[in-house]
Amino acid sequence: MIPGDLVQLRALAPSDAESLWRWNNDPDVMRWMDSYYDQHLEGVRKRLDGRGPNTYGDTLYGIEVRDGETLIGLVRLRGAEPETGCAELDVYLGEKDHWGRGYATDALRTMCRYGFDTMRLHKISLTVVTENHAAHHIYQKVGFVEEGRLRQVFHREGVWYDQYAMGMLKDELR
Ligand SMILES: CC(C)(COP(=O)(O)OP(=O)(O)OC[C@H]1O[C@@H](n2cnc3c(N)ncnc32)[C@H](O)[C@@H]1OP(=O)(O)O)[C@@H](O)C(=O)NCCC(=O)NCCS
């Protein structure tokens, strides 16, 4: 368990499958997220069951509200290597009624602090669709800076969108 100010990060269990399946089928949540082939609930449960423990190279946590322990989303550091000190970050809040309360900002800070202080990472990177203004805002707020623009790499309903490549160095976390 990794405590933040408003949220805490915890390992996922097969019993979280229903929440993940519901979020993955919510068009508002998935609006700017990569979508994969549809999976039934039992498939999500099996995937969680077979994941095994978190590793240095793939650290996935559920985001829980601290008072009440409601699971509201996921945050992940993937591709970490001790040789490079670099990793990629993903975050999303599947419970839409919890948006706008500072939870994702706190989850981001908590995960990045863990990455820099405990995993001794040097740099965390991510990509975000340029139209995903709320996500772009919170990334900048915690210290990510734009490092480039990837042209037409995200496709949704017949339209191609650009993504920002963003990165944060250890001393830039706010
Ligand atoms: C994007 C997301 C993570 C934000 O989570 P959240 O818990 O609502 O975020 P917070 O409450 O911590 O902060 C939201 C911030 O965005 C701002 N914001 C909201 N809508 C905005 C918009 N359209 N344009 C600019 N800023 C916006 C808010 O004002 C707030 O900033 P502030 O605290 O400085 O006032 C969440 O909405 C989500 O998971 N969306 C779907 C999945 C997704 O897009 N994930 C990111 C993929 S890269």
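This report describes the nonpolar cores and the cysteines of a predicted model.

## Basis

Residues are numbered from 1 along each chain as its sequence is written.

## Nonpolar cores

A nonpolar core is a set of buried Ala, Val, Leu, Ile, Met, Phe, Trp, Tyr and Cys residues joined through side-chain atoms within 4.5 Å. Buried means under 20% relative accessible area, exposed over 50%, and partly exposed in between, with a 1.4 Å probe and protein chains only. The largest nonpolar core has 34 residues, and Leu9, Ile63, Leu89, Tyr139 and Phe144 have the most contacts inside it. Among the elements that each supply at least two of its residues are strand E3 (58-65), strand E5 (86-93), helix H4 (103-118) and helix H5 (133-142). Helices (H or I, at least four residues) and strands (E, at least two) are DSSP runs, numbered from the N terminus. H4 gives the most to this core, with 7 residues.

Leaving aside residues up to four places away in sequence, Tyr139 touches Val91, Leu108, Leu126, Val128, Phe144 and Met166 (contact means heavy atoms within 4.5 Å). A second, separate core has 11 residues, including Ala17, Val29, Met30 and Leu74.

## Cysteines

The structure holds 0 disulfides, a disulfide being a pair of cysteine sulfur atoms within 2.5 Å. The sulfur of Cys86 has its closest cysteine sulfur in Cys112, 13 Å away, which is too far for a bond. Cys86 is partly exposed, with a relative accessible area of 30%, whereas Cys112 is buried, at 0%.

Technical notes:
Predicted model: local features only at pLDDT ≥ 70, side-chain atom pairs only at ≥ 80, totals over all residues. Heavy atoms only, no water.
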